[in-house]
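Here are a few notes to read alongside the structure. Have a look at it, then take the points in order.

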Amino acid sequence: MEAFTAGTLAGAGSFHCERCGYAIALHERDEMPSCPRCNCESFARSSMFAVEETDSWGTQEVERPEWLGTARDSLVTRGDYLAFDDGERVRIVPLQEGWTRLGRSLAAHVRFDDPTVSRRHALIHREGPAIRVMDDRSLNGVWVNGERVDWCELQDDDELTLGRFRLYLVRIGRSARVGATAA
């Protein structure tokens, strides 16, 4: 992740302290301050919609939603799926070979009608056992397991954050790791 130190011109956006997680928002010509909470001078770019919980030591705790186990158990057909709660219900979307578009656009395969998601937010590419996610020039970024990525190879149970939505990759009938033999 790109880190910034005090005195550098960071540009507009949201940042968080790498030591304690304190979040700040800056305008275009603001200089990076020291952290008001711990006085650290090292910040990393973050999203104002990605919510991370930290324990007293400052490490990130990833809490899986209760519905994820039930969603996984309900799947009986082999394949790769995206599971997420859209605010009204849990949705499970099968991933096909090739490209899957995620975003707010009417042309998206997986559509989110929410301003925290860009029209063209992310692309998922599935080819054989490999699944990759790529940021499609989104405003708030694509986050995999709490880390902002431009592109990333995905594994079973990885958490993707797009705007305010948390999506989970669910692989049924395949090993959780790419390259392993199918179950």
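1. Contact here means heavy atoms within 4.5 Å. Leaving aside neighbours within four places in sequence, Leu102 is in contact with Leu82, Ala108, Val110, Phe112, Arg120, His121, Ala122, Leu123, Ile124, Leu162 and Leu167.

2. A word on the basis: this is a predicted model, in which local features need pLDDT of at least 70 and side-chain atom pairs count only at pLDDT 80 or more, while totals for chains, interfaces and linings use all residues. Residues are numbered from 1 along each chain as its sequence is written, and side-chain values use heavy atoms, with hydrogens and water left out.

3. Leu102 also belongs to the largest nonpolar core, which has 22 residues; Leu102, Phe112, Ile124, Val133 and Leu167 touch the most other members. (Such a core is a set of buried Ala, Val, Leu, Ile, Met, Phe, Trp, Tyr and Cys residues joined through side-chain atoms within 4.5 Å; buried means under 20% relative accessible area with a 1.4 Å probe, protein chains only.) Strand 17 gives the most to this core, three residues. (Strands are DSSP runs of E, at least two residues, numbered from the N terminus.)

4. Now try Ser118: is this residue buried or exposed? Ser118 counts as buried because its relative accessibility is 13%. Its place is in the loop between strand 10 (110–111) and strand 11, and its side chain reaches the backbone nitrogen of Leu139 at 2.9 Å.

5. Finally, six strands form an open sheet in the order 8-7-17-16-13-14, with antiparallel pairing (two strands pair if DSSP finds at least two bridges between them). Strand 8 (90–94) and strand 14 (147–149) stand at the edges, each with a single partner strand, so one side of each is left without a neighbour in the sheet.

Key:
Buried < 20%, exposed > 50% of the residue type's maximum accessible area, 1.4 Å probe, protein only. Helix = DSSP H or I, 4+ residues; strand = E, 2+ residues; numbered from the N terminus. Polar contact = N/O pair within 3.5 Å; in protein donor to acceptor, adjacent residues only side chain to side chain.
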